[in-house]
Amino acid sequence: KFPLSGDPVAGTGFLDGAGTLYSFAPGDRRILLNTGPFRMAPGDTQDIVMGVVAGLGADRTSSVAVMKANDNSVQETFDLLFQVARPPKSPTVKFSEMDGEVLFEWSSDVATINDTETRIVTPGDYTFEGYNVYQFPSAGAQLSEARRIATYDLVNDYGTINDNVFDLVAGQFLLKPVQFGTNIGVKRYFRFSRDFVRDIDKLYNGQEYYFAVTAYSRAALPGYTAALESSPQIVTVRPKVPFGKVINAAFGDSLDVTKNGASDGQVVALVVDEASLTGDAYRVNFAADATWSVTNTTKSTTVVSGYANQTADDLDENFPIVEGMQIKVYGAPNDAKDFQHVANPSGPIDPPSYAAWGAAFNGWNFPDPSVQTAPSADWGGGSWGVNQGGAATGSYSTFVSRVFRGSNFTRFVPYDFEMRFTATGGKAYMAFSTGSIVDVPFELWNIGINTPNDPSDDYRMVPWIFDEDGNDAFSLMQIDHALSGGDNDPYTDWVYWREVVDKSPGQNGYLTEFENLGAAYDTDPTSGANTGAHAEVMARVVLCNFNGGSVADPTFPANVNAVMPATGNVLRIVSTKPNSPAVTYTFSTSGKNATTGADVEKQSAEKVGVYPNPYYAFNSAETNRFFKFVTFNNLPRKATLRVFNLVGHLVRTLEKDDAAQFLRWDLNNEALFPVASGMYIVHIDMPDIGVTKVLKVAIIQEQEVLDSY
C-alpha cells in the first residue's frame with residue numbers, strides 16, 4: 001500500500017516520476033478532467049471559464065511550488081470576479097538638467113497626486129504608502145536590475161513591508177521584504193549629483209543616466225499581495241551647463257515674500273531649480289475651502305491650483321515645485337496669539353499691556369514677559385492675568401491643553417474675545433455643582449476677527465462656572481503659599497466660555513438663553529460635551545492676581561482683603577489668524593533668473609568642450625565595444641564641427657541643428673572606418689552667434705585582437 005497523493009515540494013507522500021514500483025519513470029503525463037453535468041433547457045447558456053497555469057522555478061519541484069502559487073492567484077482572481085486591485089498611478093515626473101546635477105520633481109501634477117495618495121483601491125483596500133526613486137543601468141533595464149536610491153513614505157506604523165516571494169535558491173516561497181519604508185515622510189523631489197549604479201561620486205555632463213520614480217501602496221486587508229508598485233517610467237537625462245545662461249541664484253535661496261492681510265500663516269519660496277527661474281512676479285491666493293493657488297502675475301497664468309497642504313511634515317518637503325521654486329505654505333498654529341489688558345476704569349490702554357500669568361507667578365515667556373503689568377490700584381491693588389484652573393504648576397503648553405482641549409480651537413480660531421468687568425455684571429451657570437444661576441462681575445464677548453474697535457460684530461457669550469471652593473458663588477481663593485511665596489495672591493473660580501445659538505451682534509443670544517439657562521444645556525455637563533449650539537470655546541480659565549491681597553480664609557492671615565478687578569477693566573484674548581481669501585502673499589524672482597542674451601551666448605560658446613579627452617581605449621558611457629564615441633558639449637543649436645588630423649586632412653564633418661547642446665562623434669572617418677590613434681584638431685563653427693572654437697582631442701584606440709583566425 002502507498003499514499004494516493006503527495007507533496008513534491010516537501011518531498012512527502014506519493015511522488016510521481018520516482019522510478020519505483022508504484023511511481024513510473026518520468027514521462028509525459030496527461031490527465032482528462034470533466035465537470036458537470038449541467039441541466040439546461042432549450043435556449044439556456046452556460047459560461048465556462050478556463051485558466052491555464054504554469055510555473056517555472058529552479059528545478060522540477062520548485063516549478064511545482066511556483067505553479068501552485070500561480071494557481072492560487074488565478075483562483076483568487078476568479079473568486080473576485082476579475083476585479084483585480086491595481087497599483088497606484090505612476091508619478092508625473094519632470095526633470096531639469098544642470099551642471100553635474102539633475103533635479104527630479106513630481107509635485108506639480110495635483111490631480112495625479114490626489115489620485116495616488118488619497119484613493120483606496122479594492123479589493124484589498126490598498127492605500128498609498130510612499131515613493132521609490134531608482135537609477136537604472138540602461139534605458140531597457142528591468143526593475144530588478146535598478147538601484148533603489150531613496151524611499152519617501154508616510155510616517156506611520158508601517159516601515160518595511162514583507163510578503164511571500166519565490167526564492168530561486170530555496171526553491172520555495174519565503175517571507176521577504178518587498179518595500180523598504182523609512183517613516184521619514186513624503187517628499188516629491190530628488191536632486192541627483194552622483195552615479196549610484198557605478199558608485200561614482202559625480203555625474204558627468206553629457207553622459208546619459210536613467211532614472212524612474214514609482215509609487216507603492218499596501219494592502220490593509222489580510223490575504224492579499226502585501227504591496228503593489230506602479231510600473232517604472234524610465235527617463236533619460238544628461239547633465240549639462242545651460243548654454244547661453246548665467247545663473248544668478250543658488251539652490252536653497254529664499255525669496256523675499258510680502259504678506260498682504262491679517263494672518264499668522266507664512267509662505268516660503270525656495271529656489272530648487274536655479275536654471276528654471278523666470279524673473280516673473282507671483283501671488284499666493286486662498287479659497288474658501290482653505291486650498292491655495294499660485295499665480296504668475298507677470299504672465300497671468302495659474303501655476304498651482306487646488307493645493308491643500310498648509311502643514312509642515314517631517315521632511316517639510318510636501319509642497320509643489322513650479323518654475324524653479326518650491327512654494328511652502330504654512331497655516332497659523334492653533335494657539336492664543338496674545339493676552340491683553342486693554343482698558344481700566346480710566347479708559348482704554350494704548351498700547352495694551354500683557355495680561356497672562358504662569359504657574360507660581362513666574363511668568364510665561366509668551367509673548368513677552370517684559371511687558372507684564374505691574375501691580376495697580378486699577379486692578380484692585382494687584383496685577384491680574386489669565387491662567388488655567390486645576391494646575392498649580394505648568395508650562396504654557398499645559399495651559400493650551402487644559403483651556404482649548406484640542407477641538408475647542410475650531411471655535412476659538414480666528415476670533416478674539418473679551419472679559420469685560422461692568423457695573424451690572426451678568427449671570428453665570430454653576431454647571432458642575434448646584435446648577436444654580438449666580439451673579440458674576442463680568443461679561444464674556446466674542447468680538448469678531450481683527451475688529452477690536454468695531455462693535456458691530458460683537459456678540460455676548462454664556463459663562464459656566466466650576467465652583468472650586470463650594471460656596472455656590474463666583475469668588476476668590478488663595479494660591480498655595482508655598483508656590484506663590486506669599487499669602488496675598490488670589491485667583492478666581494474657573495470660567496468656561498460657551499457659545500449661544502443666536503450669534504447676531506449684541507446680547508440677544510445671551511438674554512434669550514438665560515431665560516431657560518439650566519435646561520438648555522446638557523443634563524450631565526461634567527461629561528465634557530463640547531459640541532452643538534452651546535459648545536465650549538475655552539475651558540478652565542481663571543484670573544490670577546499677583547500681590548492682590550489675602551482671601552478671608554482660616555488657613556491664611558487676612559492682611560489686605562483681595563477684591564475682584566474694578567469696573568471698567570477689560571481682558572482681551574487674541575487668537576491666531578489663519579490664511580483666508582482676504583490674505584495674499586506676493587514675491588518675485590526678478591534678478592534671480594538666469595541672464596541671457598548675445599553676449600552671454602558668446603561667453604558660453606567659449607566653454608565648448610569634449611568628453612572624454614583623452615579618449616583612452618573606451619568611454620564609461622559606452623554600452624558595447626562596437627559603439628565608441630566622444631561627446632561635444634555646451635554647443636548652441638546650430639554648429640558645424642570639422643575634424644582634422646595633424647597633417648591637415650579633413651577626417652570627418654559633423655552637423656548639428658537641434659535644441660540639445662550635445663553631439664557625439666563615433667570615432668569614424670567619412671568612410672565610417674575607425675580613425676587611428678593620435679591627436680585631432682576640431683574646428684567648431686557656430687554661425688548664429690558668430691563664434692568659432694578650436695579643440696584638440698587625443699584618441700587612443702584599444703588594441704585589436706581578432707576573435708578568429
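With which side chain does the side chain of Glu-101 make a polar contact? In this predicted model, the partner is the side chain of Arg-191, at 2.8 Å. Glu-101 belongs to strand β4, which covers residues 101–105. Its relative accessibility is 21%, so Glu-101 counts as partly exposed. Leaving aside residues up to four places away in sequence, Glu-101 touches Ser-96, Arg-191, Phe-192, Ser-193, Leu-203 and Pro-239. Lys-240 lies 139 residues from Glu-101 in sequence, yet the two C-alpha atoms are 7.9 Å apart in space.

Once residues up to four places away in sequence are set aside, Val-121 touches Ala-85, Arg-86 and Tyr-126. Between the C-alpha atoms of Val-121 and Ala-219 there are 8.9 Å, although 98 residues separate the two along the chain.

Attention now turns to charged side chains. The whole structure holds 25 salt bridges. One of them joins Asp-253 to Lys-592, at 3.9 Å from N to O. This pair brings together distant parts of the chain, 339 residues apart: Asp-253 sits in the loop between β12 (235–237) and β13 (257–260), and Lys-592 in the loop between β31 (584–588) and α8 (598–605). Asp-253 is partly exposed, at a relative accessible area of 23%, and Lys-592 is also partly exposed, at 26%.

In another salt bridge, Arg-420 meets Asp-458, with the closest N and O atoms 3.1 Å apart. Here, too, distant parts of the chain are linked: Arg-420 is in strand β23 and Asp-458 in the loop between β24 and β25 (459–466), 38 residues away. Asp-458 is buried, having a relative accessible area of 5%. Lys-656 and Asp-658 form a further salt bridge, their closest N and O atoms being 3.2 Å apart. Of these two partners, Lys-656 is buried at a relative accessible area of 3%, whereas Asp-658 is partly exposed at 31%. Salt bridges with shared partners also connect Glu-418, Arg-420, Asp-458 and Arg-572 in one network.

Phe-421 is part of strand β23 (residues 416–429) and Phe-442 of strand β24 (residues 437–446), so their pairing ties together parts 21 residues apart in sequence. Both Phe-421 and Phe-442 are buried. Trp-665 and Tyr-680 form another edge-to-face pair, 6.0 Å from centre to centre with 75° between the planes. Trp-665 lies in strand β37 (residues 663–665) and Tyr-680 in strand β38 (residues 678–686), and the pair links these distant parts of the chain across 15 residues. Trp-665 and Tyr-680 are both buried.

Ring pairs also gather Phe-339, Phe-399, Phe-404, Phe-409, Phe-412, Phe-417 and Trp-497 into a cluster. Aromatic faces meet charged groups as well: Arg-194 lies over the face of Phe-196, 5.1 Å from the ring centre, and Arg-664 lies over the face of Phe-629, 3.9 Å from the ring centre.

Methods: Residues numbered from 1 in each chain as written. Predicted model: local features only at pLDDT ≥ 70, side-chain atom pairs only at ≥ 80, totals over all residues. Heavy atoms only, no water. Helix = DSSP H or I, 4+ residues; strand = E, 2+ residues; numbered from the N terminus. Buried < 20%, exposed > 50% of the residue type's maximum accessible area, 1.4 Å probe, protein only. Phe/Tyr/Trp six-rings, centres within 6.5 Å; stacked < 30°, edge-to-face > 60°. Lys NZ or Arg CZ within 6 Å of the ring centre and 35° of its normal. Contact = heavy atoms within 4.5 Å. Polar contact = N/O pair within 3.5 Å; in protein donor to acceptor, adjacent residues only side chain to side chain. Salt bridge = Lys/Arg side-chain N within 4 Å of Asp/Glu carboxyl O.
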